[in-house]
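Trainee: I am new to this structure. Could you walk me through it?

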Amino acid sequence: MSRIIKEYKTIQKQLNNNRNNQDDEFNNIIVSLAPIDPDQDLTKWEAVIKGPQGTPYYGFNFILYITIPQEYPTVPPFFEFQPRSMPHCNVNYNTGEICLDILKQDHWTPVWNLMSTLKAIWLLLKDPVPESPLNVDLANLLRFGDLSAYNGLINYYLNINVV
Amino acid sequence: MSTYEEEHGLNDSDETGNHRNTERRELRNEFRELFQAYGSNNSRNGNNDNVILLQMLSELIPEDLQQEWFEQIDSKNRKSCSKEFIDSLPRIKANSIKDKNAECAICFCKFLEDKYPLVAELPHCGHRFDLECISVWLSKSDTCPLCRDSVLSHKTDIDVSKTEMEEDWGMYG
């Protein structure tokens, strides 16, 4: 647990100091990353990331829920998108479950931290992997190269949530 | 003389009960072997018979039991380092750590923050970690957290060179 306290301090410092620094690598990625109840519980976190430029997600922000297991960092943290918010071929739209190798025990190493894992998820938004889909419809459109239908479907889902 | 069981008419029921229990256990083991054999190979072979068999099995077997058996497969496949190997890792003395800010990549603590740090170095890749941190990790894995170098793969090399030297000494001695 002491490791997550250290990370929390680093994250606060890094996010606060670089709020206005355009060159900072995390400035274009992370809007916020903090425990939901910092005084009581450091195992439940919430993050907001920006949609990457050059993707249909650009201009939207996305909420992720993070659970830190007791054995962290020996075992990976548990990341999921807010249910029914992320139309992406490696995300289960209804549950928010994410398919990414480093989030599984076999590929995780304790050198990863919450910031770098969040960046990996952000990169997954830029580079979807249709070979291991959790959203078969989007993966099929991508596999057959129907980009206008692919972008259209994503836009449709993204705009459902904007009221 | 009659035994207690005979007097009370219990003689048969107990034996058949035992027998039934062993039968049950054997059946359960057979199911588990089938399930694990086909459960782990199924995705690679893509054999249709296996898929149907697995489907039938998964309908018969309760879900929590299936999960337990799958976890057994996982723990068998996962490689880890022995306690002896972890204990044999070379220790680094505090005064040979040149970089003041060098930290353990697992706990993010600076080595020199501790007055008497226990630091271990991995063979070949030479990455350093707190002994306590790397022990926990290597008891579940066989790779370096930083570079994924397979730490056990170099161990045999070291052993061979040692034995060769000993043989040479024997010849001249």
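The questions and answers below take chain A and then chain B.

Mentor: Keep in mind that this is a predicted model. Ask away.

Trainee: In what order do the strands of the open sheet in chain A lie?

Mentor: The sheet has four strands, with antiparallel pairing. Strand S1 (30-37) and S4 of chain A are the edge strands, and each pairs on one side only. From one strand to the next, the twist averages 25°. The order is S1-S2-S3-S4.

Trainee: Which residue is the bridge partner of A:Ile66?

Mentor: Look at S3(A) and S4(A), which run antiparallel. Four bridges join them. The partner of A:Ile66 sits in S4(A), and it is A:Phe79.

Trainee: At about what angle does helix H1 of chain A run to S1(A)?

Mentor: Helix H1 covers residues 2-17 of chain A. It lies across S1 and strand S2 (41-50) of chain A. Its angle to S1(A) is about 140°.

Trainee: Is A:Pro76 buried or exposed?

Mentor: Start with its place: the loop between strand S3 (61-67) and strand S4 (78-81) of chain A. Leaving aside neighbours within four places in sequence, A:Pro76 is in contact with A:Leu103, A:Lys104, A:Gln105 and A:Trp108. A residue needs 20 or more C-beta neighbours within 10 Å to count as buried. A:Pro76 has 22, so it is buried.

Trainee: How far apart in space are A:Pro76 and A:His107?

Mentor: In sequence, 31 residues separate A:Pro76 and A:His107. In space, taken from C-alpha to C-alpha, the distance is 9.1 Å.

Trainee: How does A:Cys99 count, with its C-beta neighbours inside 10 Å?

Mentor: Buried takes 20 or more such neighbours, and exposed takes 12 or fewer. A:Cys99 has 17, so it counts as partly exposed.

Trainee: How do H3(A) and H4(A) stand to each other?

Mentor: Their axes come within 8 Å and cross at roughly 155°. The crossing is left-handed. A:Asp137, A:Leu138, A:Leu141 and A:Leu142 in H3(A) meet A:Ala149, A:Tyr150 and A:Leu153 in H4(A). Angles over 145 degrees count as roughly antiparallel, and H3(A) and H4(A) are therefore roughly antiparallel.

Trainee: Now chain B. What pattern does it follow along the sequence?

Mentor: Chain B has seven helices and three strands. Of its 173 residues, 13% count as buried. Read along the sequence, the pattern is α-α-α-α-α-β-β-β-α-α.

Trainee: Which strands stand at the edges of the sheet in chain B?

Mentor: The open sheet has the order S1-S2-S3, with antiparallel pairing. Each edge strand has a single partner, so one side of each is left without a neighbour in the sheet. These are strand S1 (91-92) and strand S3 (128-130) of chain B.

Trainee: Which residue stands opposite B:Glu121?

Mentor: Strand S2 (residues 119-121) of chain B is joined to S3(B) by three bridges. Helix H6 (residues 131-138) of chain B lies across S2 and S3 of chain B. The residue opposite B:Glu121 is in S3(B): B:Arg128.

Trainee: Which residues of chain B does the UniProt annotation "domain: RING-type" cover?

Mentor: The annotation comes from an unreviewed entry. The span is 18% helix and 13% strand, and its end C-alpha atoms lie 16 Å apart.

Note on methods. Residues are numbered from 1 along each chain as its sequence is written. Chains are lettered from A and ligands numbered from 1 in the order in which they are written. This is a predicted model: local features need pLDDT of at least 70, side-chain atom pairs count only at pLDDT 80 or more; totals for chains, interfaces and linings use all residues. Helices (H or I, at least four residues) and strands (E, at least two) are DSSP runs, numbered from the N terminus. Two residues are in contact if their C-beta atoms, placed from the backbone, lie within 7 Å. UniProt positions are given in the numbering used here, feature names are shortened, and annotations may be inferred rather than shown by experiment. Two strands pair if DSSP finds at least two bridges between them. Axes are lines fitted to C-alpha atoms, for helices over the stretch in contact, and angles run from 0 to 180 degrees between N-to-C directions. Angles under 35 degrees count as roughly parallel, over 145 as roughly antiparallel, 65 to 115 as roughly perpendicular and the rest as oblique. A crossing is left-handed if the near helix is turned anticlockwise from the far one by less than a right angle, and right-handed if clockwise.
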